[in-house]
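Thanks, everyone, for making time for this.

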Amino acid sequence: MKSLRISCQLFLYHTKATDASAEMIAEAKRDTRSAKLHFSVQDMFRLPYANQSFNVVIVSNALHIVPQPEKALAEIRRVLKDDGVLIAPTFTHAGNSFSGKVRAFFMKLAGFPLRSKWTSEEYLRFLRQNGWAVRKSVVLKASFPLTYAECVKSEV
């Protein structure tokens with residue numbers, strides 16, 4: 001009698017969730033019970049991780065509010081493995097309607113800075129100019145349009 005042996009390999013992934021705000025980290029931790037999810041306050045321009053240590057990096061709704069988004073992308077490039085994926089959705093306000101621009105103005109007054117105002121096309125061009133090949137992108141229409149982008153490292 002022949003027997004079939006099946007080998008399974010268990011992949012153990014750990015997720016690092018970071019933010020510049022201790023308040024946001026506290027909020028994120030509130031309802032999380034996963035032992036594989038680790039939270040910390042970090043500076044996105046100086047991440048405490050080794051070169052090429054992540055398979056996926058998600059920078060969500062942040063690149064339009066940081067003062068030097070190209071510097072953040074360089075740091076992400078450093079910690080992402082060569083075959084890794086960057087997922088970078090961000091608000092693309094520049095092509096927004098008048099009412100959306102009014103909302104953005106009031107959000108800025110409330111302390112939500114909008115440092116980069118891109119259209120979707122400008123944002124994707126920005127990613128490409130900073131060493132990323134955009135593999136997938138979708139514009140989600142809302143009061144604040146959001147451009148979702150999946151990228152891999154490109155030759156610089």
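Reading from the N terminus, the elements follow one another as β-α-β-β-α-β-β-α-α-β-β, which gives 4 helices and 7 strands in the chain; helices here are DSSP runs of H or I with at least four residues, strands are E runs of at least two, and both are numbered from the N terminus. Please keep in mind that this is a predicted model, in which local features need pLDDT of at least 70 and side-chain atom pairs count only at pLDDT 80 or more, while totals for chains, interfaces and linings use all residues. Residues are numbered from 1 along each chain as its sequence is written, and side-chain values use heavy atoms, with hydrogens and water left out.

Of the 156 residues in the chain, 34% are buried, where buried means under 20% relative accessible area, exposed over 50%, and partly exposed in between, with a 1.4 Å probe and protein chains only. If we take the contacts with a separation of 6 or more, residues 24 or more positions apart account for 63% of them, a contact being heavy atoms within 4.5 Å.

Let me turn to helix 2, residues 69-79, in which Pro69, Ala72, Leu73, Glu75, Ile76 and Val79 are buried. Seen down the helix axis, these buried residues fall within an arc of 160°, so they line one face of helix 2; the arc is taken over the directions from the helix axis to the C-beta atoms. They pack against strand 3 (54-58), strand 4 (80-87), helix 4 (120-129) and strand 6 (132-140). Glu75, with a relative accessible area of 11%, has a side chain that makes a polar contact of 2.8 Å with the side chain of Arg78. By polar contact I mean a pair of N or O atoms within 3.5 Å, where within protein one must be able to donate a hydrogen and the other to accept it, and where residues adjacent in sequence count only if both atoms are side-chain atoms. Leaving aside residues up to four places away in sequence, Glu75 touches Met44, Phe45, Arg46 and Leu47.

Which residues touch the most other members of the largest nonpolar core? Among its 25 residues they are Leu63, Leu73, Leu86, Tyr123, Leu127 and Trp132, and strand 3, helix 2, strand 4, helix 4, strand 6 and strand 7 (146-153) each supply at least two residues of this core. Such a core is a set of buried Ala, Val, Leu, Ile, Met, Phe, Trp, Tyr and Cys residues joined through side-chain atoms within 4.5 Å. Leu127 touches Leu63, Leu73, Trp132, Val134, Ala149 and Cys151, again not counting residues up to four places away in sequence. Val134, in strand 6, counts as buried at 18% relative accessibility.

Finally, I would point to Thr92, which sits in the loop between strand 5 (90-91) and helix 3 (98-109). Is Thr92 buried or exposed? Thr92 is buried, at a relative accessible area of 3%, and a polar contact of 3.0 Å joins its side chain to that of Thr147. Beyond residues up to four places away in sequence, the residues that Thr92 touches include Trp118, Tyr123 and Pro145, and of these, Trp118 and Tyr123 are themselves buried.
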